[in-house]
Amino acid sequence: MSARTTATKQKLFDAALKLVGERGAASVTVDEIAAEAGVAKGTIYYNFASKDALVEALLHHGVEILAGRLRSAEGSEDSLEALVDEMLGFWAEYPAFGQLLVSELWRTPGQWHGTLSLLRDDIVSIVRGQMKRLSDAGRLPEGVEVGTASAALFGTLLVIALDWQVFQPERSRAEVRESVMLLVRGMRSAR
């Protein structure tokens, strides 16, 4: 893919994400995405077969960015705290993606439900690796299943990040991360 094509797709992703985050995927038109991106409508169809294909590619793109950040946290000294920080950083940088993800995950059986299930599984599997390491080290409370802990941490961080962005934007990322870590550490010490 050429640098120009990559830049154009990024411009389309940014425009689509802004509009979809504001109003939901179903209520946004290709004309509006093109206008927001400052391109001709044909540019969208040149790069994507349809608005649906653009939204699906946007979902994959966002999850790839998030997955890369989460994987980068795996080698840290406190990889759980690094994972929490990376996820919060992603949601802070891409709040509309969080809105899109939540709205489409709750829409059952939404148009992108199959894609979202696979993408969710990708992210949760990275979190699951961290939870497995904690479990193997005896750092999860007795009886807590790794899969449940993984989904719970992902869901908790998604909801906390949305709450932070919408209702508490004055809080710093560090404050939110520390609150999450106090909760997580409290669970560990409850053992």
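Begin by selecting helix α8, where Val-146, Ala-149, Ser-150, Leu-153, Phe-154, Leu-157, Leu-158, Ala-161, Leu-162 and Trp-164 are buried (under 20% relative accessible area, with a 1.4 Å probe and protein chains only). An α-helix has 3.6 residues a turn, so residues three or four places apart point the same way. This is a predicted model, in which local features need pLDDT of at least 70, side-chain atom pairs count only at pLDDT 80 or more, and totals for chains, interfaces and linings use all residues. Residues are numbered from 1 along each chain as its sequence is written, and side-chain values use heavy atoms, without hydrogens and water.

Now display the whole of α8, residues 146–167. Helices are DSSP runs of H or I with at least four residues, numbered from the N terminus. The 22 residues of α8 reach 31 Å from the first C-alpha to the last, close to the 32 Å expected at 1.5 Å a residue (1.5 Å times one less than the number of residues).

Next, select α1 (residues 3–23) and α6 (residues 95–106), which pack at an angle of about 55° with their axes 8 Å apart. The contact (heavy atoms within 4.5 Å) is made by Leu-17, Val-20, Gly-21 and Glu-22 of α1 together with Ala-96, Phe-97, Gln-99 and Leu-100 of α6.

Finally, select Ala-82 in helix α5 (residues 79–93). Ala-82 is buried, with a relative accessible area of 17%. Leaving aside residues up to four places away in sequence, Ala-82 touches Ala-73 and Ser-76. Glu-104 is 22 residues from Ala-82 in sequence and 27 Å away in space, C-alpha to C-alpha.

Note on methods:
Axes fitted to C-alpha atoms, helices over the stretch in contact; angles between N-to-C directions. Helix = DSSP H or I, 4+ residues; strand = E, 2+ residues; numbered from the N terminus. Buried < 20%, exposed > 50% of the residue type's maximum accessible area, 1.4 Å probe, protein only.
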